[in-house]
Amino acid sequence: MPKILIQFAHPTLSKSSVQKTMESYCRAVKGVTFNDLYENYPDLYIDVKKEQQLLLQHDIIVLQHPFYWYSSPPIMKQWLDLVLEYNWAYGPEGNRLAGKKIFNALSCGGSKEAYKDTGYNRFPVNEYLLPFNQTAHLCKMEYLPPFVIHETYSMKQQTIDDHGKQYASILKAFVNNEIQQEHYQHIEYLNELHLLSALNS
Ligand SMILES: Cc1cc2nc3c(=O)[nH]c(=O)nc-3n(C[C@H](O)[C@H](O)[C@H](O)COP(=O)(O)O)c2cc1C
């Protein structure tokens, strides 16, 4: 069974509604390890060896965070900078993450329409995520489409719960090996996987 590691970054979780709800749903999924980076490293001093061990122990890595200035909160970058070492994660002898899957799971204020070439954000979310995509590629990992929750500002708790349940069902399907490459290779967001019959049975 694949094991999932959620690398979570929210600097003000006490004020969160969407990520807080996502957290509670995904923590309940068997086979998921939830690693709260701001809780573990409030001073940003990351335990590199511990984080590398965690990566080795899991098959699917999820970078879960609110979208801040078209990227992640800064601890996610700090974690990437320190943990993905040369000749460990990348470089001629850096094969430790090869073959693992990785994707972003994010929430953002902007609507899907706003992330079109005609919208005020001009580019799709997937284009803003290209540095994550290429980082994964350099580490010989497989970068999957992101799970994205749009329009968080006016979202009712019932809708947030629906997204949380959908997120958990997708994680569960990964743990149960019910999602294969053919299911996600042509989709924009992993959210579309909820149409899969395996997830609705
Ligand atoms: C510092 C900051 C930067 C933000 N940048 C963006 C952004 O670039 N694009 C966007 O759509 N939303 C942006 N937002 C909105 C957040 O993504 C949104 O409020 C968050 O995902 C909601 O989740 P939460 O309830 O867990 O905080 C930003 C919010 C903050 C506080």
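This is a predicted model: local features need pLDDT of at least 70, side-chain atom pairs count only at pLDDT 80 or more; totals for chains, interfaces and linings use all residues.

Residues are numbered from 1 along each chain as its sequence is written, and side-chain values use heavy atoms, with hydrogens and water left out.

Strand 4 covers residues 101-107; helices (H or I, at least four residues) and strands (E, at least two) are DSSP runs, numbered from the N terminus. Of its 7 residues, 6 are buried, so strand 4 is largely enclosed by the rest of the structure. Buried means under 20% relative accessible area, exposed over 50%, and partly exposed in between (1.4 Å probe, protein chains only).

Strand 3 (residues 60-66) runs parallel to strand 4, joined by 7 bridges; two strands pair if DSSP finds at least two bridges between them. Leu 63 stands opposite Asn 104 of strand 4. Between strand 3 and strand 4 the chain passes through helix 4 (residues 74-83), a right-handed β-α-β crossover: with the strands pointing away from the viewer, the path from the first strand over the helix to the second runs clockwise.

Strand 4 also pairs in the parallel sense with strand 6 (residues 147-149) over 3 bridges, where Leu 106 has Val 148 as its bridge partner.

The whole structure has 0 disulfides, a disulfide being a pair of cysteine sulfur atoms within 2.5 Å. For Cys 26, the nearest cysteine sulfur is that of Cys 108, 18 Å away. Cys 26 is buried at 0% relative accessible area, and Cys 108 is buried at 3%.
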